[in-house]
Amino acid sequence: MLRNSCQGQKIVNRMGTAARSWANKKPNESMRLIVTTFVGIVFGFLIGVSFPTLSLTKLNLPSSLLPNIDLSYIEDKRSGISTQTALNALSSLKANNSSSTKAGNSTDTSKIWVPTNPRGAERLPPNIVASESDFYLRRLWGNPNEDLTSTPPKYLVTFTVGFDQKHNIDAAVKKFSENFTILLFHYDGRTTEWDEFEWSKRAIHVSARRQTKWWYAKRFLHPDVVASYDYIFIWDEDLGVEHFNAEEYIRLVRKHGLEISQPGLEPNRGLTWQMTKKRGDRDVHKDTEEKPGWCSDPHLPPCAGFVEIMAPVFSRDAWRCVWHMIQNDLVHGWGLDFALRKCVEPAHEKIGVVDSQWIVHQTVPSLGNQGEARDGKAPWQGVRERCRKEWTMFQSRMANAERAYYKAIGIDPNKSTSH
């Protein structure tokens, strides 16, 4: 009994000692835990502010990694982030990824983006892009590569016509071989009546009432549409062609390196400019002498680098430049003749008149009669006033455009002699 009592007393004593030891350690352990937690929080905060904020909207991930689920059915109640916030973040991320793909930075090879393609066609593979066209007539049946049974025309001639001039146009068209595509612009709206001529059935007809040839040219002769043609004739309807042969004209133009040209004009029909007057002693001329004071430089219009707008002929490359110079709202083309030189270099060598293939300007005011009588003025008077006004406007636009260009590159236009 005594031994058991002693053993019991020892157990009690040890338990009491352990209890007192645990009681003494408890405050120390709690304090250590509090300090450790505080230090961890401070350390985490310092690490957090040491790195830049990561924005989802700046991530550039392939769209295949983005979920295709409807976030409107998802709510993360624990995080407190709203569905709309998640939707906004995802939309922004997808938009940014799409922009990167367009710029060619995406690794998604299923997307096509070719910046060297024509504007608007960047998403197409280059081998499918057809940027040029023509006026070749094609069948509605059979194989496309069998549509053209002979060599397609190499040249294009256009006439802006009214039906009253049908016999004159008939005579003119017959001067052009099958190497020419024939295109008629109808300012009087009458097209079907031309079917009395056999050639009209293979010609192209475009009709818009009371419009000029430069209105038509700007809208239907885009350089990419006429790119198949080596030369483009843009002629009036009142031209006598008895002494003209189109094939011989082309031969001389090539021989003398003319990018912009016209046939010589018969000299006894009231010429405006000496430059376009036919000379009887040569095939081609490229300069002339004008009235005193008319030419500030013998290499400038109207003494050189000059043809009129009644019967101009353009090479493919020259027309690409001239087309862009034609103003969309200035339909009569007055002033163009003095500016054509800006499209070839050197102009006094590449613009000229073909004397041996000459024409007669009959000066029929047919289009002038398409105007309206106003304020007691005849229809042709209103048209002529518009022509003069457009000439002034064109000159002003060209001068302002050149001035702005030279100013932008730091050159004083008043001191520049290159333009």
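Q: What makes the pair Cys-295 and Cys-303 a disulfide?
A: This is a predicted model, in which local features need pLDDT of at least 70, side-chain atom pairs count only at pLDDT 80 or more, and totals for chains, interfaces and linings use all residues. Residues are numbered from 1 along each chain as its sequence is written, and side-chain values use heavy atoms, with hydrogens and water left out. A disulfide is a pair of cysteine sulfur atoms within 2.5 Å. The sulfur atoms of Cys-295 and Cys-303 are 1.9 Å apart. So the pair meets the definition.

Q: How do you know that Cys-321 and Cys-343 form a disulfide?
A: Their sulfur atoms are 2.0 Å apart. The limit is 2.5 Å, so this pair counts too. Cys-321 lies in helix 6 (residues 316-325), and Cys-343 in the loop between helix 7 (336-339) and helix 8 (347-350), so the link ties together parts that are 22 residues apart in sequence. Helices here are DSSP runs (H or I, at least four residues), numbered from the N terminus.

Q: Why is Cys-343 called buried?
A: Buried means under 20% relative accessible area, exposed means over 50%, and partly exposed is in between (1.4 Å probe, protein chains only). Cys-343 has 15%, so it is buried.

Q: What makes Asp-147 and Arg-139 a salt bridge?
A: A salt bridge is a side-chain nitrogen of Lys or Arg within 4 Å of a carboxyl oxygen of Asp or Glu. The closest N and O atoms of Asp-147 and Arg-139 are 3.0 Å apart. So the pair qualifies. Arg-138, Arg-139 and Asp-147 are linked in a network of salt bridges.

Q: Is Asp-147 buried or exposed?
A: Asp-147 has a relative accessible area of 12%, so it is buried.

Q: What is the mean pLDDT of the chain?
A: The mean is 82, and 73% of the residues reach 70 or more. pLDDT is the predictor's confidence in each residue, from 0 to 100. Over residues 1-26 the pLDDT is below 50.

Methods: Contact means heavy atoms within 4.5 Å. Helices (H or I, at least four residues) and strands (E, at least two) are DSSP runs, numbered from the N terminus.
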